[in-house]
Amino acid sequence: MSGLVNVLVIDAVIAAVVVRQCPARRISDDKRWWILPGILLVMSLREPGLADPRHEALSVAVLGAELAVGLVTGAGWGWTSRLWHEADGSLWSKATKATVFVWTAGLALRAALYGAAALMGIHQGSAALMSALAVTLVVRSGVLMWRAGQMRPAYGGSADGMSSQPAWKDRV
């Protein structure tokens, strides 16, 4: 795939994720939360430029750091998103100010990694960015699904119909 197509796919995924995750959004029982990250990962692994052949060891180290940033960003995003049950039992999620901070810090770290790699003469293609984005999305979704599984519906629970208490807090 051409670099332009990769950039367009990455931009479209980021736009879709931000548009879908910032406002309040109902979380379904859908077990397909891993499909989009899986597609991105497959696309990135099919790209020949995942590691720079001229600086293979350093390139793999930078890629590892990028994936670690993606992992931390995804986990932070999942943990800082607000989850609650509506009175009808439906589960909802919404990004918070802390989520915006996590995203901003993740982007800043990625930019610093990209700059450091460029200073070392390492070429990073769009495949590395797609891999890190895939890790971010799968970890975020996994954390949200895990948190959602820990919550009990608030059928008539609180006065405003919202509950962000995990199920284990009710048992303590």
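A nonpolar core is a set of buried Ala, Val, Leu, Ile, Met, Phe, Trp, Tyr and Cys residues joined through side-chain atoms within 4.5 Å. Buried means under 20% relative accessible area, exposed means over 50%, and partly exposed lies in between (1.4 Å probe, protein chains only). The structure is a predicted model, in which local features need pLDDT of at least 70 and side-chain atom pairs count only at pLDDT 80 or more, while totals for chains, interfaces and linings use all residues. Residues are numbered from 1 along each chain as its sequence is written, and side-chain values use heavy atoms, with hydrogens and water left out.

The chain has six helices and three strands. Helices (H or I, at least four residues) and strands (E, at least two) are DSSP runs, numbered from the N terminus. Along the sequence, the pattern reads α-β-α-α-β-β-α-α-α. Of the 172 residues, 38% count as buried. Contact means heavy atoms within 4.5 Å. Among contacts between residues at least 6 apart in sequence, 77% join residues at least 24 apart.

Confidence was examined next. The predictor's confidence in each residue is given by pLDDT, from 0 to 100. The mean pLDDT of the chain is 79. A value of 70 or more is reached by 77% of the residues. Among the elements, helix α3 (residues 56-80) has the highest mean pLDDT, 92. Helix α6 (residues 167-171) has the lowest, 43. Over residues 165-172 the pLDDT is below 50. This stretch has ten contacts in the model beyond near neighbours in sequence. Residues 157-163 also stay under 50. The model gives residues 157-163 twelve contacts beyond four places in sequence.

Which residues make up the largest nonpolar core? Nine residues do: Val13, Leu40, Met43, Trp77, Trp103, Met130, Leu133, Ala134 and Leu137. Two elements, α2 (35-46) and α5, each give two or more residues to this core. The largest share, four residues, comes from α5. Leu40 is one of the core residues. Neighbours within four places in sequence aside, Leu40 is in contact with Val9, Val13, Met130, Leu133, Ala134 and Leu137. A second, separate core has six residues, among them Leu91, Leu144, Ala148 and Met151.

Pockets were defined on a grid. On a 1 Å grid over the protein atoms alone, a cavity is a set of points where a 1.4 Å probe fits but cannot get out, and a pocket is an open set with protein on both sides within 12 Å along at least five of seven lines; lining residues have an atom within 4 Å of a point. Grid points are joined across faces, edges and corners, and a volume is the space filled by probe spheres set on the points. The second largest pocket holds about 270 Å³ of space. It is lined by 16 residues, of which Ile27, Ser28, Asp29, Leu91 and Ala148 are the closest to its centre. Two or more lining residues come from each of β1 (25-27) and α5 (126-150). Helix α5 gives the most, with three residues. The lining divides into seven nonpolar, five polar and four charged residues. Here Ala, Val, Leu, Ile, Met, Phe, Trp, Tyr, Cys and Pro count as nonpolar, Asp, Glu, Lys and Arg as charged, and the others, Gly among them, as polar.

Gly106 lies in helix α4 (residues 97-119). Is Gly106 buried or exposed? Gly106 counts as buried because its relative accessible area is 2%. Residues up to four places away in sequence aside, Gly106 touches Val69 and Thr73. Gly106 and Val72 are 34 residues apart in sequence, yet 8.1 Å apart in space, C-alpha to C-alpha.

Thr96 is found in the loop between β3 (91-94) and α4. Its relative accessible area is 26%, so Thr96 is partly exposed. Beyond its neighbours within four places in sequence, Thr96 is in contact with Thr80 and Arg82.

Trp34 sits in the loop between β1 and α2. Trp34 is partly exposed, with a relative accessible area of 48%. Trp34 and Ser141 are 107 residues apart in sequence and 7.5 Å apart in space, C-alpha to C-alpha.
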